[in-house]
Amino acid sequence: STQSTGEISVYNVGHKSMNILKTYICRDIQWSIIDCKLSPDSRFIAYSSWSGNVHLLPFQNNKSSEMYLSLSDHQSYYSAFCAFGVSFSADSKELIAGTNDGRAIIYDLQTGTKAVSIDNAHIADLSAITFSNQTNHIIYSAADDGILKVWDRRILSESHPEPVSVFIGHRHGITWQDSKGDFRYIITNSKDQTIKLWDTRRPSKLSDLKHAQQVFA
């Protein structure tokens, strides 16, 4: 759990009890912790706040020190900059962040460097982003523009990034998305007070994307 005081608490949840295992005092907190994720291999906890960094806390190894991934090399017109969503790959080797200026940034955790940047992935706050399954090729991103997009890194051009499919139907921004990891179904939650289940085999027309973006602009 996260708190506005800048603390992250990890709980051991039993059958009839819930005990705190660890509590972290986080750094670089502006206003609040925005997102927090535990890596699949339980080595790290990633968290973001209103700052130009995504922080990595050691979870299993108490001798390791906190690390951070800098977003500050990306020039932004936004005076307040942050990663609204962070997510680990299934093998815990990469971390993806969605920023409030609509970018998706993938980091190689083994080298601590940026692997891929999808600039202008969305025209609004990129609020939810995940890898699709055990491979790290397919990415799902959703934003305050109300659009869910699917990206394939194998054919992605960073200079001219284009999604392989889009899903249009929410009337307001998307706050969360998740998938079964089977390439077939994605679920989204929106500020329009609806939850939608999408069949990835039946995407919206890419030709409708420009009109949808104009509605949210």
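Let's start at Thr-188, which sits in strand S16 (residues 185–190); strands here are DSSP runs of E with at least two residues, numbered from the N terminus. Thr-188 is buried, its relative accessible area being 1%, where buried means under 20%, exposed over 50%, and partly exposed in between (1.4 Å probe, protein chains only). Its C-alpha lies 4.3 Å from that of Gln-177, although eleven residues separate Thr-188 and Gln-177 in sequence.

Before going on, keep in mind that this is a predicted model, in which local features need pLDDT of at least 70 and side-chain atom pairs count only at pLDDT 80 or more, while totals for chains, interfaces and linings use all residues. Residues are numbered from 1 along each chain as its sequence is written, and side-chain values use heavy atoms, with hydrogens and water left out.

Now for the largest pocket, with a volume of about 250 Å³. Among its 15 lining residues, Pro-40, Ser-87, Phe-88, Thr-130 and Phe-131 are the closest to the centre. A pocket is an open set of points on a 1 Å grid over the protein atoms alone, where a 1.4 Å probe fits and protein lies on both sides within 12 Å along at least five of seven lines; lining residues have an atom within 4 Å of a point. The points are joined across faces, edges and corners, and the volume is the space filled by probe spheres set on them.

Which strands build this lining? At least two residues each come from S3 (33–38), S7 (83–88), S11 (126–131) and S15 (174–179), and S15 gives the most, with three. By residue class, the lining has six nonpolar, seven polar and two charged members; Ala, Val, Leu, Ile, Met, Phe, Trp, Tyr, Cys and Pro count as nonpolar, Asp, Glu, Lys and Arg as charged, and the others, Gly among them, as polar.

Two serines in loops deserve a look at their backbone. Most residues other than glycine have a negative phi. Ser-42, in the loop between S3 and strand S4 (44–49), has a positive phi of about 60 degrees. Ser-92, in the loop between S7 and strand S8 (94–99), has a positive phi of about 65 degrees. Is Ser-92 buried or exposed? At 8% relative accessibility, Ser-92 counts as buried.

Finally, turn to Ile-20 in strand S2, which is partly exposed at a relative accessible area of 48%.

Conventions
Helix = DSSP H or I, 4+ residues; strand = E, 2+ residues; numbered from the N terminus.
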